[in-house]
Amino acid sequence: MIPDRPSVSVPKDLSEQVAAALAEDIRGGDLTAALISPEKTGRATVITREAAIVCGLPYVESAFRQVDSRVTFEWQVSEGDAVKPDQLLFRVDGPARALLTAERTALNFLQLLSGTATAAHAYAALLAGTHCRLLDTRKTIPGLRTAQKYAVLVGGGHNHRMGLFDGILIKENHIAAAGSIAFAVAAAKRRAGKVPVEVEVENLRQLQEALDAAADIALLDNFSLESMREGVALNAAAARPLKLEASGGITTESIRAIAQTGVDFISVGSITKHVRAVDLSMRFEWRA
């Protein structure tokens, strides 16, 4: 398992997401699996073709069991485990029709979420020894936000806001529409309640405006390392320092140096937006 990670709760909408994925694949029925005798049973094994952080076990179980509750599993790994190429992940046993029908949906979830967790882990591991934390963004695959944000947690990252409904991030266009950072933050403070107010800033002058407006978090958008250091110093000298988040063009090559400037958070959209599915293989054995 990923070291020092608390257990991660599965999303409340997991079952509904899996049901929707099965529905778009099966609709009125699996026409090909229907060619197989309903009495025929078998077993399938799933291995990984590459190193990865495994994520999506609850989605796999839900996919098979929503098709047929008689399916059983023998897991050889746990959620969040680091695995090597050709490592056995699990065996699944049950009616042949169910195994064939649920196969693609189950693997789709496992491949995508393992890819997301693997990407998150690659970045999060580079922050070891700093106080900085990796955050995800809203740049997720439509319909799979909670699943991908769950995978980020499994991979060692942290979630930013889930959506527009549970956090305030005042960006360039909001500032322009409101008239200024001060006006935008004041309006947010009147409506936010206990929700932190974050402001995206593009230079040190705007950071000072965010400080003066008593925002809670400033997002340093595409700052150079030198400007970031200056921003951290400016913030530290303020009577009421903000939390600082760095964002924009972050790579595995740059993230460590950015963390060492003293920012509190680094957000990386690519871990959910540019995710590459992990290569898995499923092999079947049928009983007579």
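Residues are numbered from 1 along each chain as its sequence is written, and side-chain values use heavy atoms, with hydrogens and water left out. Because the model is predicted, local features need pLDDT of at least 70 and side-chain atom pairs count only at pLDDT 80 or more, whereas totals for chains, interfaces and linings use all residues.

**View 1. Packing of helix α1 (residues 14-26) with helix α2 (residues 57-67).** The two helices, which are DSSP runs of H or I with at least four residues, numbered from the N terminus, pack at an angle of about 55 degrees with axes 9 Å apart. Axes are lines fitted to C-alpha atoms over the stretch in contact, and angles run from 0 to 180 degrees between N-to-C directions. The angle makes α1 oblique to α2 (under 35 degrees is roughly parallel, over 145 roughly antiparallel, 65 to 115 roughly perpendicular, and the rest oblique).

**View 2. Residues between α1 and α2.** Contact (heavy atoms within 4.5 Å) is made by Leu14, Ser15, Gln17, Val18, Ala19, Leu22 and Ile26 of α1 with Pro58, Tyr59, Ser62, Ala63, Gln66 and Val67 of α2. These residues comprise nine nonpolar, four polar and no charged (Ala, Val, Leu, Ile, Met, Phe, Trp, Tyr, Cys and Pro are nonpolar; Asp, Glu, Lys and Arg are charged; the others, Gly among them, are polar).

**View 3. Helix α7 (residues 204-212) beside helix α8 (residues 225-236).** Their axes come within 10 Å and cross at roughly 25 degrees, which makes α7 roughly parallel to α8. Leu204, Leu207, Gln208 and Leu211 of α7 meet Ser227, Glu230, Gly231, Leu234 and Asn235 of α8. By class, this contact has four nonpolar, four polar and one charged residues.
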